Amino acid sequence: MRQKRWTGRKTATVAVATALAVVAIGCSTKEETSTANSPQASTAATPAKRGSITASLYDRGNIPAEEGTIVNNRWTKWVNEKGPNDVKFVPIPRFESLQKYNVLFASGSAPDMIFEFDKSYLGQLYNQKQLMPLDDIINKYSKEYKARLEKYPALKKATTMPDGKMYLLGRPYNNDANHYLFIRADWLKKLNLPVPTTADELFNVAKAFAENDPDGNGKKDTQGIGLSFITGIILNHMFGNGFTLFGTDQLPWDLKNDHVIHDWDRLQAAIAFQKKIYDAGLTDKDFVTDKNGAKSAQDWMAGKVGIYGSSLPTKNYETLKKNVPDAEIIPIALPKTEFGSFSPLLNNPIAVTGAINAAAKDPEAIVKEIDFMASDAFKNTVNNGLEGEHYKKGANGCPEPIDAEKTKKEVSYIADLNMLASLAKDSCTGLENKANPTAIEKDMIKVVQEGRKAYVDPSRPMPGITHKDFLPLLPQDLTQINANANKTILDLATKAIVSGGSYTVEQFIQEAKAAWEKAGGPKVDAFYEDWYQTNKKTAILMKDIYEIK
């Protein structure tokens with residue numbers, strides 16, 4: 001079986017979107033070569049004929065009531081006033097986006113412009129012939145986005161599907177950490193403990209945090225470590241295993257002797273470690289139901305968790321400091337295991353963020369909107385608000401909030417409008433370049449720098465063959481096999497963690513292997529092996545991730 005190279009899968013996780021509101025602090029730069037469709041240019045010459053299109057917009061439930069709704073507020077009105085089209089925005093619940101899209105497509109009412117971080121879902125839409133090929137319309141109508149494709153060749157690779165045509169939209173990104181493993185440094189100091197560097201040391205520190213009253217309230221009410229959501233994902237990555245209990249990224253494949261293998265040994269070790277934590281009472285007993293990590297985040301912000309995984313946690317950290325002013329957090333390198341040293345998920349340096357509905361009636365209008373949304377002027381406004389009202393030019397020439405509270409209230413909720421914004425580093429992009437950062441932001445700048453040092457290192461790679469976004473899309477029949485088998489394996493893994501001595505990890509692995517075989521899983525393994533052997537000289541593999549600048 002030979003497949004054309006397909007270099008894309010899911011993006012970011014739930015956690016990536018949170019980081020964008022912090023990281024994407026931009027000013028007008030030379031990042032893109034054309035500004036023909038910038039907000040300023042759009043108001044100058046004779047008005048062109050306006051199109052009428054629809055576009056999705058994530059709804060996180062975070063917009064102040066006085067600002068309106070996520071699809072009807074000052075910024076959606078600004079888009080329609082300054083942009084080339086009349087855009088009707090369709091709200092998409094951030095953490096139930098796939099369900100909402102399925103309903104919209106089933107009813108024939110899906111928006112023209114589909115913005116979605118889950119690349120595997122976009123791949124499903126491609127398989128269902130729900131997406132429009134973009135090569136011809138970009139070449140014919142685009143200036144801004146076409147220039148981006150020319151500047152970043154890897155972007156075209158990442159958005160091209162198996163038929164050789166480009167169906168997805170994306171943007172360049174900084175190669176920084178997406179997930180971080182945090183530890184309460186003040187608790188380490190209080191209990192005179194070193195930063196853990198091995199899995200055994202991590203367990204012992206978590207045990208001390210749970211049993212030795214690190215918050216000093218005289219009660220045994222602290223959790224040593226979280227197990228839900230990103231923390232659980234990171235603990236699997238610590239063992240070099242990409243099969244996770246949360247999210248949609250069950251990726252157990254690795255390379256050995258230049259062949260793709262389904263690595264059951266690493267999965268067994270990762271589940272055994274989590275079972276050990278659970279059996280010792282070092283975590284929330286109800287972690288299984290905390291699917292999106294909301295409960296764990298609340299416990300962390302209340303100062304009751306010692307080791308916790310998340311994306312860049314500016315808002316959570318701010319709440320933690322309000323509740324526990326003396327709290328200190330640091331990101332730590334993932335402790336070493338018998339399989340080596342690894343890192344948690346990094347940002348994909350080429351992020352896929354959307355596509356165009358095949359049923360869209362006005363491709364030219366859509367491409368004009370793409371150019372508008374991809375411009376630096378658009379990025380700057382969505383990130384910072386209006387000059388003179390929300391920001392001024394700081395001493396370094398970059399946007400500086402005039403009133404931080406006003407900006408937080410009137411601007412921060414709309415970050416997901418910027419899903420086509422270039423996040424490649426320039427003189428004003430990134431928290432590190434922010435003019436006059438707050439004390440909280442200064443702490444987060446240190447976190448970014450320490451995380452970059454700890455995680456963006458090819459000697460401690462992410463687990464797997466490549467970044468999940470660059471894996472090939474499974475054919476529909478194999479997608480179904482993979483999904484069905486993994487649902488069973490996930491249930492068995494959870495059972496192994498919470499069942500004490502009545503169901504061992506060895507039993508779990510035995511039954512998981514049997515479930516994989518019964519479902520036809522070896523066909524999936526063979527697909528990835530064939531893809532790798534066919535495309536290993538041209539595909540973007542894990543080692544290449546660290547070389548993309």
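Here are some notes on a predicted model, taken helix by helix and loop by loop.

1. **Ground rules.** Residues are numbered from 1 along each chain as its sequence is written, and side-chain values use heavy atoms, with hydrogens and water left out. Because this is a predicted model, local features need pLDDT of at least 70 and side-chain atom pairs count only at pLDDT 80 or more, while totals for chains, interfaces and linings use all residues.

2. **Helix α11.** Ten of its ten residues are buried, where buried means under 20% relative accessible area, exposed means over 50%, and partly exposed is in between (1.4 Å probe, protein chains only). Among them are Phe229, Asn236, His237 and Met238. After the helix comes Gly240, with a positive phi near 75 degrees.

3. Ser343 sits in the loop between β11 (329–331) and β12 (350–356). Is Ser343 buried or exposed? With a relative accessibility of 0%, Ser343 counts as buried. A polar atom of its side chain lies 3.0 Å from the backbone oxygen of Tyr455, and a polar atom of that side chain also lies 2.6 Å from the backbone oxygen of Arg460. Leaving aside residues up to four places away in sequence, Ser343 touches His237, Leu334, Ala454, Tyr455, Arg460, Pro461, Met462 and Pro463; contact here means heavy atoms within 4.5 Å.

4. Have a look at Asn257 and Asp258. Most residues other than glycine have a negative phi. Asn257 has a positive one, near 55 degrees, and Asp258 is also positive at about 65 degrees, although it is not a glycine. Asn257 is in the loop between β8 (253–256) and β9 (259–262), and Asp258 is found in the loop between β8 and β9 too. Asn257 counts as exposed, at 67% relative accessibility, whereas Asp258 counts as partly exposed, at 37%.

5. **α12 against α19.** Helix α12 (residues 264–279) and α19 cross at roughly 40 degrees, and their axes come within 7 Å. That makes the pair oblique. For the record, axes are lines fitted to C-alpha atoms, for helices over the stretch in contact, and angles run from 0 to 180 degrees between N-to-C directions. Angles under 35 degrees count as roughly parallel, over 145 as roughly antiparallel, 65 to 115 as roughly perpendicular, and the rest as oblique. On the α12 side you'll find Trp264, Ile271, Gln274, Lys275, Tyr278 and Asp279, which meet Ile489, Ala493, Ala496, Ile497 and Val498 in α19. By class, the residues of this contact divide into eight nonpolar, one polar and two charged. Ala, Val, Leu, Ile, Met, Phe, Trp, Tyr, Cys and Pro count as nonpolar, Asp, Glu, Lys and Arg as charged, and the others, Gly among them, as polar.

6. **α19 against α21.** Helix α19 (residues 476–498) also packs with helix α21 (residues 521–535), at an angle of about 125 degrees and with the axes 9 Å apart. This pair is oblique as well, but the crossing of α19 and α21 is left-handed. Leu478, Ile481 and Asn482 in α19 meet Gly521, Lys523, Val524 and Phe527 in α21. That contact has four nonpolar, two polar and one charged residues.

7. **Ala208 in α10.** Ala208 is found in helix α10 (residues 199–211) and is buried, with a relative accessible area of 9%. What does Ala208 touch, not counting residues up to four places away in sequence? The list is Leu191, Leu193 and Pro214. Leu191 is 17 residues from Ala208 along the chain, and their C-alpha atoms are separated by 7.8 Å.

8. In helix α7 (residues 144–151), the buried residues are Glu144, Tyr145, Ala147, Arg148 and Leu149. Their cover includes α6 (135–141), α8 (153–159), β4 (168–172) and α15 (363–374). Asn384 lies in helix α16 (residues 376–384) and is buried at 8% relative accessible area. Its side chain makes a polar contact of 2.9 Å with the side chain of Asn380. A polar contact is a pair of N or O atoms within 3.5 Å; within protein, one must be able to donate a hydrogen and the other to accept it, and residues adjacent in sequence count only if both atoms are side-chain atoms.

Key: Helices (H or I, at least four residues) and strands (E, at least two) are DSSP runs, numbered from the N terminus. A crossing is left-handed if the near helix is turned anticlockwise from the far one by less than a right angle, and right-handed if clockwise.
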